[in-house]
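The sequence and structure come first, and the description follows.

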Amino acid sequence: MSSASSTILPAAALLIALLLLVVSASSAQALHAPPSFEGATPQSLPQAPPTNPHPVAPNWVAHSTKVSPPAVAWPSMTYDAADGYVVLFGGCLGTSGGCAPLSDQTWVYQGGVWANLSELQPHPSARYAAGMTFDSAGGYVLLYGGQGYASTPLNDTWKFSAGHWANITSTAGTAPGGRRGATLFNDTADGYTVMCCGWDGNGNLGDTWKFSGGVWSSLATSVPVRNGAPGTWDGFSGHGLLFGGGDFGALGDTQAYAAGSWTTLSSGPPAGQGAGLAYDPAYGYDLLFGGVNSVPSSQTWSLSGGTWTQQIPSTSPTARCCGGEVFDAHDGYVLLFGGGDGNGPPYYNDTWIWTGTNGLMLNSFYASPDPMDLGGTTTVSVTASGGAPAYTYAYAGLPPGCASANAPSLTCTPTSVGNFLVKVWVNDTAGNSVQGILDLGVSTGPSITSFTATPAAVDVTVPTTLYAAISGGASPITFVYTGLPGSCTSTNAPAIVCAPSLPGTYQVQVDATDSFGKYASATLTLTVSPLPRVTSFLASTNPQDQGLSVTLSTSVLGGTGTFQYSYVGLPAGCSTSNTATLSCTSVVTGTFPVEVNATDAVARSAFGFLNLTVAPDPTMVSFVVAPSSVDVGGTVVLSLTVSGGVTPFAYSVSGLPPGCISQNLSTFSCAPTSAGTYLLQGSATDIRAEQAAATATLVVHPALLITSFGVVHQPLDQGQALGLRVTAAGGAPPYTISYAGLPAGCASVNSSSLTCIPSLAGTYGVTVTVSDRAGGSVSSLLNFTVASALQLESFAANPSTIVLGGSTTLEVLTHGGTDPLTITFVGLPPGCLPQNASQLPCTPTAAGTYTIGLVVIDMAGETLKANATLVVSAPVPFIDQTLFSVPLWGWLALIVLLILVGLGVLLVRRRKGQGGLATQPFGQASQAYVNPVPPASISEGGWAPDPDPMEVQPGAPPVPPPPPGA
């Protein structure tokens, strides 16, 4: 170093110190007011490797500090080029297991010293894995998103400038969407901040956004999806970098961003998520440390000219991921803080620097106690190393009662309360200078500025963080908590994590006592609700017809705050909505298992399930009227078949004929009472009032009747022709006719007339059945008798030979036939008169041999004819000796007898001479008797008797006797 430089640098340092003392003396600050850095000159990052590399190879150096942030993983860390220090915010504290609780603390690092600015209000809510970088165009630190206590990542935008946080979400335009583990870096070449990747609660992202002019906008470029990928801006090569990250496993690619597009660079380090990455302008390369892929890594790699090279330092931090790594431009080295092994707590709070210089640096700068009570004594101490000892010291910003001294420590008693930003400059003999900063609080005693539960209302088993914000008081502060819910215990810490085991409303009190015994207390109300549960999840109509609206209603008990609702498994046409009552109309049919998820304000969920059935609209498959043609009085069955719809159905049929009444049945029967043609309409209405309908025609014919059924000719003998005749009316012709019960020898025919000859006599009941084409049927019974055939057993004169003057009897013996019989004798001898009798006494008056004819006719017209021979002999005179022995009176009797005979003969002769009946041989036909009517022939028009030549026709003149001798 030149002598001019040796002279100028100490003089400049002294001038700066005097200016700061003047500013410090003129600006007394209120108690616990946040430090102000307004007006500081932004420091730009070097854009090229140093021209004179450090003579000592770089190495990781553990940097012990008196005060440091708590052990955290996934904090957000960047260099604030406007205010000249490193800013660290948030992260996973992990003291209750896992990531919880989360940190909302803000720390700054400058000159090797950490300072806690956590009392700044407002500030972002507790979170981890938020994206953070310095936005050079805006001149402030930019923070976006991260993961809070809710299940959905955050999407708010904050800026940190001059020691103050400000929420700029409302002015930052359309947010890129909630995400954690995003990659942010400041693109100084294009003048905006770049953000990509992250996890949005449903999956990893690969989109790219820019923040320019205070507004977010999307860029038309992307990288493979991932989260937890470290990023930095390479000031020498002029492009942004990201490495690895995770997407269902660790990634190992290197992506470079420039002029609005991404390029994949050569691979090098092993795949990992959550590594540290920072551009080190002192050496002109990008430095990567750690990461996790199942197990954490402790490897250090550098990227220069597009090529990765593994560095082999003599010392190295413990293998880790998820810490903060950034180049501290104020102090000239890469700073690494915190992290963990990737498997959960415990986390780290160690500070490491990557350096190869033996130059001057601060190891610590702190006050003890800090904060302190007014009237107490505190000691401000600073330690330095490197450079060219001995060192000189200058302080600025001390509270009243304390004066600067050229010493590594000074003890004083502040006389005013306030929050004092104390700075120290350490100079070595080579003209090197290093600066440190600390925040010294002086108060009248401890004061609890706020006592909060985050969240203030929780469910059973849900952790809440109780935090007592303290101002003033002399360290150490002792904390005691009372009124805690079950399973929560007091811990001597400003923040405790409590997971209540019992529901209720609790009044919790915290007592804070400083080292001087000064006391402060505060209370809060903590509400603990039972875990949420879905008490009912119902569909207003289930099943429901397709195309009709259904309302799903969810009832939840327990839980905290407002519920967020989501539905899965809904049918097409239904979309999820954040509401406890969801109405939708399905456009598909089927049975759908639907789940509702109700998540309360503390991310506890309750689930409900139901099977939602959507039926197709009802359709009339068939409307059957059987038979479709029926006679009056006949039975008809009406059947309606429906598919789809929601049972039960209401059935009805309109247009029915008289005698039929509609019934609420899918099948019913009735008997129409009036003929006609009827158009019927059948309908089925399901329980959701959806209707299906169809029509059918029913023809009702007049009633089928048998108007007559009889025997054509009666009486009837066996062997005679039987004639049956039936007539019908009404119904639906043509008719089908059948006969049952016919005599032997007769068979049924499909005809209105039946003719047959019975082969057996008897009394018969014949049933005729007439059916029509409409299915109607009617029957009639007819009883009649068939007599046995007429037969002649004998016909003879008894005796058959007599002497003239003697008597005989003509005897006729018959059986069968139909009484009464008509008996006629033909060819009787003189002296015998005909009679209609089966025995005819006869005393012939003339001798001779007679052939007597017999005609027998019964009521059925059956006729028998037969002949019998009668011999009448004349007496023969003779003399016998006995005559003389006859007494006198005997002779007298004989004489009288002869006289009488003679007189009879004379009388006969006289009558003959007057035209009396002359005898004839039987062989000659006689017209003197009546022949009964012969069997009739059956015709369609009735009986027509055949003429008999022996029958005397009504009205005809008597037939004259044949001439003598004929």
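## Strand pairing and the open sheet

S24 and S25 are antiparallel partners, joined over five bridges. One of the residue pairs involved is phenylalanine 327 with valine 334, the latter in S25. The model is a predicted one.

The two strands belong to an open sheet of four strands, ordered S1-S26-S25-S24 and paired in the antiparallel sense. Its edges are formed by strand S1 (59-63) and S24, each of which pairs on one side only. On average, neighbouring strands of the sheet are turned by 25 degrees against each other, with direction ignored.

## The largest cavity

A search of the whole structure gives two cavities of 30 Å³ or more. The largest cavity holds about 50 Å³ of space. Its lining comprises 13 residues, and those nearest the centre are Gly276, Phe289, Arg320, Gly323 and Leu336. Strand S24 (324-328) and strand S25 (333-339) are the elements that give two or more residues to this lining. Both strands are also members of the open sheet described above.

By class, five of the lining residues of the largest cavity are nonpolar, six are polar and two are charged.

## The second largest cavity

The second largest cavity has a volume of about 40 Å³. The residues that line it are Gln544, Asp545, Leu548, Val550, Pro571, Cys574, Ser586, Leu612 and Val614. At least two residues of this lining come from each of strand S42 (544-545) and strand S47 (605-615). In the lining of the second largest cavity, six residues are nonpolar, two are polar and one is charged.

## The disulfide of a cavity-lining cysteine

The structure contains eight disulfides. One of them joins cysteine 574 to cysteine 584, with the sulfur atoms 2.1 Å apart. The torsion about this S-S bond is about 75 degrees, so the link of cysteine 574 and cysteine 584 is right-handed. Because cysteine 574 is in the loop between strand S44 (564-568) and strand S45 (581-585) while cysteine 584 is in strand S45, the pair ties together parts ten residues apart in sequence.

Cysteine 574 is buried, with a relative accessible area of 10%, and is among the residues lining the second largest cavity.

Cysteine 488 sits in the loop between strand S37 (478-482) and strand S38 (495-498), and cysteine 498 sits in strand S38, ten residues apart. Cysteine 488 and cysteine 498 are buried.

In the disulfide of cysteine 832 and cysteine 842, the S to S distance is 1.3 Å. The torsion about the S-S bond is about 80 degrees, so the link of cysteine 832 and cysteine 842 is right-handed. Cysteine 832 lies in the loop between strand S65 (822-826) and strand S66 (839-842) and cysteine 842 in strand S66, so this pair connects parts that are ten residues apart in sequence. Cysteine 832 and cysteine 842 are both buried.

## Two other buried cysteines

Cysteine 196 has a relative accessible area of 1% and is buried. Cysteine 197 is buried too, with a relative accessible area of 0%.

How values were computed
Residues numbered from 1 in each chain as written. Predicted model: local features only at pLDDT ≥ 70, side-chain atom pairs only at ≥ 80, totals over all residues. Heavy atoms only, no water. 1 Å grid on protein atoms, 1.4 Å probe; cavity = no way out; pocket = protein on both sides within 12 Å on 5 of 7 lines; lining within 4 Å. Points joined across faces, edges and corners; volume = space filled by probe spheres on them. Nonpolar A, V, L, I, M, F, W, Y, C, P; charged D, E, K, R; others polar. Pairing = 2+ DSSP bridges. Axes fitted to C-alpha atoms, helices over the stretch in contact; angles between N-to-C directions. Disulfide = S-S within 2.5 Å. Buried < 20%, exposed > 50% of the residue type's maximum accessible area, 1.4 Å probe, protein only.
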